[in-house]
Amino acid sequence: MGTIHVHNVCKAYRQYPNRWARLLEWILPFLGVRHTVKPVLRNINIDVKQGEAVGIIGINGAGKSTLLKLITGTITPSSGSVSVTGRVAALLELGMGFHPDFTGRQNVYMSAQLLGYSVADIDRLMPEIETFAEIGSYLEQPVRVYSSGMQMRLAFSVATAHRPDVLIIDEALSVGDAYFQHKSFNRIREFRSLGTTLLIVSHDKAVIQAVCDRAVLLNAGEVAMEGPPEAVMDYYNALLAERGETRIEQEQTADGGVATQSGTGTVSIEAVKLVDLQGASVVEVQVGQPVSLLVRAQVHTATEQLVMGYMIKDRLGQTIYGTNTHHLNQTLYDLDQGAVIDFNAHFLVNLGEGSYSFSVALHASDTHIGGNYEWKDRALVFQVINVGKEHFVGSTWMAPTLEIKQ
Amino acid sequence: MQMLRALYSYRAFIAGSIVREFQAKYRNSLLGALWSILNPIAMIAVYTVIFSQIMRAKLPGVDSTFAYSIYLCSGILTWSLFSELTNRCINIFLDHANLIKKINFPRLCLPLIVLGSALLNFTIIFGIFTLFLVLSGNFPGWSFIAIFPILLIQMMFAMGLGLSLGILNVFFRDIGQFFGIFLQFWFWLTPIVYPITILPEQIRQVIELNPLTKLITAYQNILVHNLWPDWSTLWPVGLVAVLLCLWCLRLFRRRSGELVDEL
C-alpha cells in the first residue's frame with residue numbers, strides 16, 4: 001500500500017495544424033498522419049516506496065503538473081506505465097466541485113462524495129472536518145460568501161479528513177494564512193509518521209528540505225536529477241540563475257537597453273560576478289558570508305573621470321545598500337581608450353534570508369546624473385540563506401550580544 | 001464489470017449530485033421546489049386553455065374537448081425529455097472539463113447524473129400531467145403501463161446519441177452548435193404539434209423514417225386513444241438505441257485518453 005511506480009513514462013500531446021486536419025485524419029486515416037506530437041514528459045522513471053516523501057521541483061513548464069496528473073490517473077500516459085497502490089488523495093486544486101450557492105456543510109458532502117466517500121463515512125468524519133477547518137458558523141453559510149482562505153481551509157480539511165496511503169500535493173499549501181499553513185503542515189507530517197507516502201510539488205526550498213527524503217528535478221520533461229533534497233535544490237538554483245541571466249540578456253536586446261541598461265557607452269560594463277573567498281561564482285550566499293563583487297569595465301572612449309557604483313536591492317526593489325567609488329574616495333582619472341578596469345568590492349553579506357539583486361553603474365561623478373556611461377539594473381541576482389545562524393527575521397543581520405540581568 | 005463496481009462505489013456521489021442539481025435550481029427562490037410544479041401546471045394550462053377553449057382545435061376523428069391538448073402534451077413532454085438528455089449529453093464533457101482534468105473518478109457518473117436529473121424533472125412533469133388526465137376523466141386505462149418500456153427505449157436512444165455526439169463534440173465543437181439547429185428541425189419533422197395523418201403521402205413516408213416518430217406516436221396513441229402500441233414498429237428503434245449505446249461505449253473506450261488531453 002502506498003507505493004508509486006512510474007516506469008518509462010512518456011506523455012505527448014497531439015497537435016494538429018488546424019481543426020480540419022483532425023477531421024481528415026479521423027475520416028481518411030489512410031491518407032497519413034497529420035498531427036505532430038509534442039512531448040511533455042520523456043522517459044520518466046520514478047519509484048516511491050511506502051512511507052517515503054519525495055519532492056518534485058522544476059521551473060514552470062517542466063512537466064511537474066502533468067506528472068502529478070498521470071500519477072493521480074486523470075490523464076493517461078502515451079507510453080510506459082504508472083501504477084499506484086492504495087488510496088490516493090490529491091490536493092491538485094483545492095475546492096474542486098464546490099458549488100457557491102450551497103452551504104459549507106453541503107459542499108463538504110459534495111466534495112467528499114466526489115472523492116468516493118459514502119454518506120455514513122462523511123457523517124463520521126464531519127466533526128473532525130469541522131474542528132480542523134475552524135471556520136465556525138460560516139459552515140452553515142453559502143460558500144460564495146467565503147473568503148478564498150476560508151474555502152481553502154474547508155477544502156483542505158475535506159481532502160485530508162481521512163489518512164490516505166498516498167498524498168499528492170501541488171503547491172496547494174501556499175494559500176491560507178500562516179496559522180493554517182502551519183496546521184496543515186503538521187497534519188501532513190502526522191500522516192507521514194503513520195506511513196503515508198508523500199509526493200510534493202513546490203518551489204519552496206524550505207518545504208522540500210523540511211519534509212522530503214528525496215527530490216526529483218524535472219527539466220524540459222525529463223528527470224534532470226534525483227537525490228537528496230539539498231543537492232537537488234542547489235542544482236535547481238543554479239539552473240534558475242542561468243535562466244535568470246539569459247533572460248536578462250534577452251531583455252536587453254529586446255528593450256534596446258531602455259529599462260535594464262542605459263548610458264552613453266563611453267565606458268561599458270563587461271562583466272559582473274559575485275564570488276566567494278575561493279573565487280568561485282556563487283548565486284547562493286549564507287548570512288554573514290564574505291564575498292566579492294567583481295565588476296569589469298572597458299573604456300571605449302578616453303575619459304577624464306570614472307566612478308563605479310552598485311546597489312543591493314531586495315526582491316521588492318527596495319535599496320538595501322548602495323555606494324560608489326566617489327564616496328569611497330577612489331575615483332579614477334584620465335583613462336585611455338581600451339583600458340580594462342577590474343573593480344573588486346569585498347564585503348560581508350549581513351542580510352536576511354531572501355532574494356536580492358545588484359544594480360551596477362559606471363558614471364563620471366558622484367551621481368550618475370553627471371555623465372552616465374552605463375547603468376545595469378538586476379545585473380546579478382543572488383539568494384541569501386540562513387545556515388548555522390540563529391533564526392531571525394528582517395532584511396539585515398544585526399546579531400546582538402545578549403546580556404540578561406536578574 | 002469493473003466499471004459497474006466503480007460506479008456502484010460512487011452511488012452516493014451520483015445520488016447526491018442529482019438531488020443537489022435539483023436544489024440548485026430553486027436555491028435562492030422563496031417558493032423553492034414549488035416552482036418545479038408550477039412550471040408544468042402553467043404549461044398544461046396554457047395548452048388546454050388556448051387549444052381546447054379559445055382555438056377550439058380538434059383532433060381529426062376524436063370528439064373531445066381535451067383531445068388535442070392531451071395529444072400536444074404527450075408529444076411535447078416526452079420530446080422535452082429527449083431534447084434535455086441529448087443537449088446535456090453533448091456538452092457533458094465540456095461542462096465538466098475542470099473536474100475531469102483534476103479529479104480521478106469514474107467518468108460514467110456524469111451521464112448517470114444527467115439521466116437521473118432529467119428523469120426527476122420528467123417524473124414531476126409527467127406526474128402532474130397524469131393527475132390532469134385522471135381529474136379531467138381522460139385517463140387512458142391499462143395501456144398506460146406500456147409507456148414505461150417506450151420511455152426506456154427513448155432514453156437509451158437519447159443517451160447513446162447524445163453521448164456519442166458529446167465525445168465527438170470535444171474534438172469538433174461544431175457538433176454542439178449544429179445539433180442545436182438540427183434539433184429544431186427535428187422537432188417539426190416529428191408529429192408532435194400536428195397529426196401525421198394531415199401530411200401528404202410522400203412526406204409521411206419520410207417522416208416515418210424518423211425514429212422519434214414511432215416513439216411519439218406510440219405515446220399519443222396510448223394517451224389519446226387508449227391503444228396498445230404496435231411493438232413491431234418499436235423494436236427497430238430499440239435496436240438502433242442499443243447499437244448507439246454500444247457504439248458510444250466503444251468510442252469512449254478508444255478516445256477517453258485523448259479526450260482528457262483535448263479538454
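Strand E3 (residues 53-57) of chain A is largely enclosed by the rest of the structure, because five of its five residues are buried. A residue is called buried if 20 or more other C-beta atoms, placed from the backbone, lie within 10 Å of its own, exposed if 12 or fewer do, and partly exposed in between. Strands (E, at least two residues) and helices (H or I, at least four) are DSSP runs, numbered from the N terminus. This is a predicted model, in which local features need pLDDT of at least 70 and side-chain atom pairs count only at pLDDT 80 or more, while totals for chains, interfaces and linings use all residues. Residues are numbered from 1 along each chain as its sequence is written, and chains are lettered from A and ligands numbered from 1 in the order in which they are written.

In a regular strand the side chains alternate between the two faces of the sheet. From E3(A), A:Ala53, A:Gly55 and A:Ile57 point one way, and A:Val54 and A:Ile56 point the other way. The pairings of E3(A) are listed here.

Among the buried residues of H2(A) are A:Lys64, A:Lys69, A:Leu70 and A:Thr72. Just after H2(A) comes A:Gly73, which has a positive phi of about 95 degrees.

Chains A and B meet in a contact that takes 23 residues from chain A and 21 residues from chain B; two residues are in contact if their C-beta atoms, placed from the backbone, lie within 7 Å. On the side of chain A that touches chain B, helix H1 (19-27) and helix H3 (104-114) of chain A each supply at least two residues. H3(A) gives the largest share of that side, four residues. By type, the residues on this side of chain A are 10 nonpolar, nine polar and four charged. Here Ala, Val, Leu, Ile, Met, Phe, Trp, Tyr, Cys and Pro count as nonpolar, Asp, Glu, Lys and Arg as charged, and the others, Gly among them, as polar.

The predictor gives the complex an ipTM of 0.72 and a pTM of 0.69. Chain B has an average pLDDT of 84, and 98% of its residues score at least 70; pLDDT is the predictor's confidence in each residue, from 0 to 100.
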